[in-house]
Amino acid sequence: ERCETRRQDFGLWIVHARKMHLLKSAVLLILSLFHLPLLSLSWSITRASLSTLRMTSSPSDNAPQHVVVAGAGVIGVSTSYYLATNFGIRTTVVDPTGQVASAASGKAGGFLALDWNDWSPVGQLARRSFSLHQELADTLGADNIQYRRLTCAALSVNPALSGRPSGKKLTGIEWIKEDEVQVMRSLGDESTIAQVHPKLLCENLWKIASTPQNEGGVGSTLLKGRVVSPAYKDDKLCGAKLTDVTILECDAILFACGPWDVNIMQGVKYHSVVIPTPRVLSQSVFFDGLGDPEVYPRPDSTAYCTGFPDQACKVTERPGEEEVRPEAASRILEAVRQASGATGNDDGVLSASPTITQACYLPSAPDSLPVMGLLPTKYSNHNCFIATGHTCWGILLGPASGESMAHLIATGECNKYVDLRQFDPARFPNIGLCQS
């Protein structure tokens with residue numbers, strides 16, 4: 001039975017391998033199948049790796065009073081939220097655009113899965129974060145962030161095939177024309193699948209984090225700019241140096257810059273289109289065939305459609321300035337319409353013209369795992385932290401990553417939910433900040 005379960009897990013991974021962005025995911029899976037240690041990863045003993053020996057939920061006596069967060073995406077904003085709500089610590093979030101969620105965190109699909117990462121090193125983080133998304137929906141208001149539970153299916157479509165065996169009926173397909181589908185497989189129901197609108201989530205998290213002190217908040221602020229390096233005085237962190245040479249005083253820094261500003265990081269560029277639908281749909285679909293497009297319906301009668309990612313690369317485009325290639329958007333539109341049986345002539349739920357066409361970069365580390373913890377070497381003793389590399393799962397993993405990083409920054413220790421050792425930045429000996 002255990003072997004059969006492992007084989008099923010492997011089959012699920014095959015369906016979604018394209019979402020892991022790196023072939024090393026296959027290595028991690030094979031190691032997990034045979035209960036082998038992750039020999040390819042070396043962990044350095046840092047404050048983060050020792051922290052699981054003693055857990056606490058209260059800030060340390062020397063907890064920072066003001067933290068600079070570089071990056072206003074879901075990781076940075078979530079960390080700011082939990083620093084404010086769990087520890088009463090004020091943050092200044094610095095972003096090149098001066099806006100919240102201007103890059104991938106404002107352009108992602110917001111798909112959430114409880115157990116799709118159970119076989120991988122991020123399984124614990126994913127399960128905790130799935131739970132936190134429900135808590136945040138209860139706190140912030142589900143309608144305010146377009147949070148809901150829904151179902152998900154994988155549908156095999158291939159126009160070259162003649163179709164299913166005669167008389168075979170498919171069940172569980174909500175909005176695709178059944179004649180287009182050869183095979184249907186359920187990937188989850190309302191107990192394991194959910195969605196959220198990423199930009200609305202980030203904006204509402206920031207609304208709480210930035211509540212003024214005279215209204216009961218900590219008064220966190222958002223600043224347009226870019227952090228280029230820590231600033232020191234008497235070999236002690238005294239602030240964050242910005243591109244205009246301004247020193248922003250603080251006693252801790254978190255770099256949550258996605259694919260930018262850290263030398264080991266790359267980005268995978270995705271295009272997406274948002275299409276109005278004639279009714280509210282409640283089944284996300286991963287197509288197998290026609291380029292494997294993905295469709296995430298939203299509760300505002302739209303469908304977020306994506307697929308055909310670029311190869312990973314060093315990102316030179318700046319946040320919020322990502323070029324949208326018309327041919328890439330057209331390819332997505334053509335694929336989802338053909339897969340779903342729509343032609344654009346009002347004969348299907350995806351036949352309307354897109355209202356949004358956009359592109360963004362998903363951050364990826366060399367081993368396709370998040371990078372979270374203290375920056376090593378010369379930064380290690382100066383309260384400099386990093387949190388990035390969450391690939392296509394950034395929105396799912398955002399809340400638990402923010403909660404974990406807030407706890408680490410405030411107490412110097414991991415919380416009881418997530419062991420950060422496997423995400424230790426020190427596994428990359430040459431990791432560092434890009435100064436340009």
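## Strand pairing, cores and cysteines in a predicted model

His-271 has Ala-359 of β17 as its bridge partner. The model is a predicted one, in which local features need pLDDT of at least 70 and side-chain atom pairs count only at pLDDT 80 or more, whereas totals for chains, interfaces and linings use all residues. Residues are numbered from 1 along each chain as its sequence is written, and side-chain values use heavy atoms, with hydrogens and water left out.

### Overall features

The protein chain holds nine helices and 19 strands; helices (H or I, at least four residues) and strands (E, at least two) are DSSP runs, numbered from the N terminus. The average pLDDT, the predictor's confidence in each residue from 0 to 100, is 85 for the protein chain, and 81% of the residues score at least 70. Over residues 1–57 pLDDT stays under 50, and the model has 93 contacts beyond four places in sequence for this stretch. A contact means heavy atoms within 4.5 Å. Among contacts in the protein chain with a separation of 6 or more, 77% are between residues 24 or more positions apart. Of the 436 residues, 58% count as buried; buried means under 20% relative accessible area, exposed over 50%, and partly exposed in between (1.4 Å probe, protein chains only).

### Strands and sheet

Strand β13 (residues 266–276) runs antiparallel to β17 and is joined to it by nine bridges. Two strands pair if DSSP finds at least two bridges between them. In β17 (residues 356–364), seven of the nine residues are buried, leaving the strand mostly covered.

An open sheet of six strands has the order β8-β2-β1-β12-β19-β18, with mixed pairing. Its edge strands, β8 (221–224) and β18 (371–374), each pair on one side only. Strand β2 (residues 90–95) runs parallel to β8, with four bridges between them. Val-94 stands opposite Leu-223 in β8.

### Nonpolar cores

A nonpolar core is a set of buried Ala, Val, Leu, Ile, Met, Phe, Trp, Tyr and Cys residues joined through side-chain atoms within 4.5 Å. The largest has 74 residues, of which Phe-111, Leu-112, Trp-116, Leu-201, Leu-254, Phe-385 and Trp-393 touch the most other members. Helix α9 (residues 394–411) gives the most to this core, namely nine residues. A second, separate core of 27 residues includes Ala-103, Val-227, Val-262 and Ile-264.

### Individual residues

The relative accessible areas of four residues are tabulated here.

| Residue | Relative accessible area | Class |
|---|---|---|
| Val-336 | 0% | buried |
| His-133 | 1% | buried |
| Cys-152 | 1% | buried |
| Cys-434 | 25% | partly exposed |

His-133 lies in helix α6 (residues 123–140). Apart from its neighbours within four places in sequence, His-133 is in contact with Leu-112, Tyr-147, Val-196, Leu-201, Ile-395, Leu-396 and Pro-399.

Val-336 belongs to helix α8 (residues 326–340). Not counting residues up to four places away in sequence, Val-336 touches Ile-275, Pro-293, Val-295, Cys-305 and Leu-350. The C-alpha atoms of Val-336 and Phe-287 are 8.4 Å apart in space, and the two residues are 49 residues apart in sequence.

A search of the whole structure finds zero disulfides, a disulfide being a pair of cysteine sulfur atoms within 2.5 Å. For Cys-434, the closest cysteine sulfur is that of Cys-257, at 9.6 Å, which is too far for a bond.
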